[in-house]
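User: I'm new to this one. Can you put it up and walk me through some spots?

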Amino acid sequence: MRWTPDGSGVDVLDQTQLPERSIWRRCGSAADVADAIRRLQVRGAPAIGIAAAYGLAVELANATSLAPAAFGETLGAAAALLRQARPTAVNLAWAVDRVGAAAAAALAGGTEAAAWRAWEEADLIHEEDRAMCRRIGEYGLALFPELQDRPLRVLTICNAGALATGGMGTALAPVYLAHAAGRALRVWAPETRPLLQGSRITAWELSQAGVPVTVLADSAAADLMARGEVDLVITGADRIAANGDVANKVGTYALAVLARHHGIPFYVAAPSSTVDLATPDGASIPIEERDPDEIRRGFGRLTAPADVPVWAPAFDVTPAALISAIVTDRGVIASPLAAGISALYG
Ligand code: MRU
């Protein structure tokens, strides 16, 4: 995403159109950005945080002619709208709160000053995310074994790459660094039903970068592991609870169970903005449920009887006990995760 040339809005790449088309959506208000987030035009935990930060800054940039009290009300309303766009990724509320607090603190100096601080803070969040991705990549790369005789085979889920963040991604950051270092590797990208972020987005961005990637149906992962075709699993996260339970794209939990069964390391990669010490465990993480029609009419045609109920959670929770390690920008947290999280973030 990027500022429009005149600074009055932000442009976001509409990820729902990938891989067929690269179309940018112009957002001129917080409501526009909240809508783009809800529709998954911009998606991925860090990316929705950054987009929401910009959304709030845009709203305030267009409100400087208001009296300070009305400006403050605009700030509160826009922040609430953006915070509610999606419930699971904690990065969203974290980024909105950061920009809101920076602008509110600057309001004593006038609305122009407050709007400028919001803009500055949003840019800072974006910049920090880029740096966190790089550090995650470096820490994650140290976990990737160097094989002499064949490529390393990495399985991921959904998209935790450049398109989900402000930088080179989280789960995919070590993949990009390994590739840049000339290490041979292959990525398995499960489709990631129902909205296909794996096949549409991960496969697209990796192939654009020249990283060998193969798409498979989600349901093929078990057999792939049984055949010995996966060396490690690495996924992103939408929220990491204090006890190390992790919410991520629905299907992640199944991969963690499979990885444990087959003796394959299961890593989670995420920036510090995804760690939520205020959430004690996975059961306390709000899990977004999406429109059943995303499953019922997923491919532009009816794919389930119209009158049969559909359950459509967007995320699931992987218990800490199934996670080999969490890779953050501050270092690698090994088991027991709760103690490691508390040591780095407590
Ligand atoms: O519904 P999405 O596409 O926003 O879900 C995204 C994921 O589950 C990612 O793995 C997670 O947000 C981490 S992105 C670095």
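User: Which side chain does the side chain of S272 join in a polar contact?
Analyst: The side chain of R330. The polar contact between S272 and R330 is 3.4 Å. A polar contact is a pair of N or O atoms within 3.5 Å; within protein, one must be able to donate a hydrogen and the other to accept it, and residues adjacent in sequence count only if both atoms are side-chain atoms. A word on the source: this is a predicted model, where local features need pLDDT of at least 70, side-chain atom pairs count only at pLDDT 80 or more, and totals for chains, interfaces and linings use all residues. Residues are numbered from 1 along each chain as its sequence is written, and side-chain values use heavy atoms, with hydrogens and water left out.

User: Where does S272 lie?
Analyst: In the loop between β10 (266–269) and β11. Helices (H or I, at least four residues) and strands (E, at least two) are DSSP runs, numbered from the N terminus.

User: Is S272 buried or exposed?
Analyst: S272 counts as buried because its relative accessibility is 15%. Buried means under 20% relative accessible area, exposed over 50%, partly exposed in between (1.4 Å probe, protein chains only).

User: What does S272 touch?
Analyst: M132, D329, R330 and Y345, not counting residues up to four places away in sequence. Contact means heavy atoms within 4.5 Å.

User: What does β10 pair with?
Analyst: β13, in the parallel sense, over three bridges. Two strands pair if DSSP finds at least two bridges between them. A269 stands opposite V327 in β13.

User: Which residues of β13 are buried?
Analyst: A325 and V327 are buried on one side of β13 (residues 325–328), and I326 and T328 on the other. Both faces of the strand are covered.

User: How many bridges join β13 to β14?
Analyst: Four, and these strands run antiparallel. β14 spans residues 331–334. T328 stands opposite G331.

User: New topic. What is the strand order in the open sheet of four strands?
Analyst: β11-β8-β9-β12, with mixed pairing. The edge strands are β11 (275–276) and β12 (315–318), each pairing on one side only. Helix α9 (residues 252–262) packs on this sheet, touching β9 and β12.

User: How do β9 and β12 run?
Analyst: Antiparallel, with four bridges joining them. β9 covers residues 246–249. A247 has V317 in β12 as its bridge partner.

User: Now the ligand. Which residues come nearest?
Analyst: R43, A45, R86, N248 and K249, of the 17 residues around the ligand. A residue counts as near if one of its heavy atoms lies within 4 Å.

User: How far is an N or O atom in the side chain of N248 from an oxygen atom of the ligand?
Analyst: 2.6 Å. For the side chain of Q197, an N or O atom is 2.9 Å from a ligand oxygen. K249 has a polar side-chain atom 2.8 Å from an oxygen of the ligand. The protein buries 99% of the 420 Å² that the ligand exposes when taken alone. Those accessible areas come from the Shrake-Rupley method with a 1.4 Å probe; for residues, only the protein chains shown count as cover.

User: Last one. Where does M168 lie?
Analyst: In the loop between β4 (152–155) and α6 (173–180). M168 counts as buried because its relative accessibility is 19%. Its C-alpha atom is 7.0 Å from that of R130, 38 residues apart along the chain.

Methods
Axes are lines fitted to C-alpha atoms, for helices over the stretch in contact, and angles run from 0 to 180 degrees between N-to-C directions.
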